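Please examine the sequence and the structure shown below.

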Amino acid sequence: MFITGTELTAFAAVLRTQGHGPATVVKYHREAAAFAAWLGEEERYPQGLTERCELLELLSENSRGETLLVRERDSGRLLVAKCRQKAGVDFDAGEAEILRRLGGPGVPALAGAYESETMYCLLREYIPGETLDKAARGGMTEAQARQIGLSLCRVLRRLHSQDPPIIHRDIKPQNVVLGEDGRVWLIDFDISRRYSRGAPADTVISGTQDFAAPEQYGFSQTDCRSDIFSLGVLLYWLVTGRTKVGEASAGSLDRCIRRCTAFDPERRYRSVAAVERGLRAAEASALLEAFFVRLRAERGKRPKWRKPSAPPGGDL
């Protein structure tokens, strides 16, 4: 599929007839031109990938590589291709092994892997839905955030129960997909690592500012409690729209979030099972508070009891 210059010009003309101004025409013209240029560079990708799949959309790109939406030519199945340049000092093909072993509920399944001399491409299951940075743009209720937290705990329990445990290290809104069916998926395992007992610190410092635990900046080795820290910040962001815990109230989730995000790992929950218990306790607290609010409201509606007054000339 290629877009010619003539087709781009015709496309711009259609936009003008629909009342779009020059700025809109230029914007779409540039986007279409960029897309055409990208499609024209299929030879950059491993041959096995382009033979198996049709490249549909450039989902994202950064200094490390690109993420593409592709369609399997034989079956028509949609997949996601993560393509990384091998020249990068942080290149690691370990994500494929994680998806191969853990693909299932909450973790996309591996669909294949291809490589050339310069590029490595991982194919994974496509999850219809939206990442939380889009799905939660208008904010979420405490109950919605709590359910997402419980779902992520179930996923993290699988990761952390491996031998040695797998630490995701990059839990953030962009890496959590809320599926169209309501299920929660954790994606992007390319900076995940296995816990190494006795290591003083991680060999590679990585993570996303605001969501990464302090130890991810080299203070000590990351472990399961590092993911718990990021989960706590994510919960706080879902309810308040902020990442600096303490700036606003997260209601019934405050206590659980503060424990998750303690600076000292020793003061955090020791496992996601403990986080689950904390979230369940927050749920019970919210239900109890709602009950008392309704009870107070009902009492306020009832007429106050008054002692009957004595009839004239006598006692009751």
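This is a predicted model: local features need pLDDT of at least 70, side-chain atom pairs count only at pLDDT 80 or more; totals for chains, interfaces and linings use all residues.

## Strands E2 and E3

Strand E2 and strand E3, the latter spanning residues 78-85, run antiparallel and are joined by 7 bridges. Within this pairing, Leu 69 stands opposite Val 80 of E3.

E2 and E3 form a hairpin with 5 residues between the strands. In this hairpin, Gly 76 adopts a positive phi near 80°.

## Strands E1 and E2

Strand E2 also pairs with strand E1, which covers residues 53-62; the sense is antiparallel and the pairing extends over 8 bridges. Leu 58 has Leu 68 of E2 as its bridge partner. These two strands likewise form a hairpin, here with 2 residues between them.

## Cysteines

The structure contains 0 disulfides. Cys 153 takes part in none, and the nearest cysteine sulfur, which belongs to Cys 260, lies 7.5 Å away.

Is Cys 153 buried or exposed? Cys 153 counts as buried because its relative accessibility is 0%. Cys 224 is buried as well, with a relative accessible area of 17%. The value for Cys 224 falls in this class because buried means under 20% relative accessible area.

## Lysine 172

Where is Lys 172 placed? Lys 172 belongs to the loop between strand E7, residues 166-167, and strand E8, residues 176-179. Its relative accessible area is 16%, and Lys 172 is therefore buried.

Which residues are in contact with Lys 172, once its neighbours within four places in sequence are left aside? They are Thr 208, Phe 211 and Leu 234.

## Confidence of the model

For the protein chain, the mean pLDDT is 83, and 75% of the residues reach 70 or more.

Over residues 1-5, pLDDT stays under 50, and the model has 8 contacts beyond four places in sequence for this stretch. For residues 198-205, pLDDT also stays under 50, and here the model has 16 contacts beyond four places in sequence.

Notes. Residues are numbered from 1 along each chain as its sequence is written. Side-chain values use heavy atoms; hydrogens and water are left out. Two strands pair if DSSP finds at least two bridges between them. Helices (H or I, at least four residues) and strands (E, at least two) are DSSP runs, numbered from the N terminus. A disulfide is a pair of cysteine sulfur atoms within 2.5 Å. Buried means under 20% relative accessible area, exposed over 50%, partly exposed in between (1.4 Å probe, protein chains only). Contact means heavy atoms within 4.5 Å. pLDDT is the predictor's confidence in each residue, from 0 to 100.
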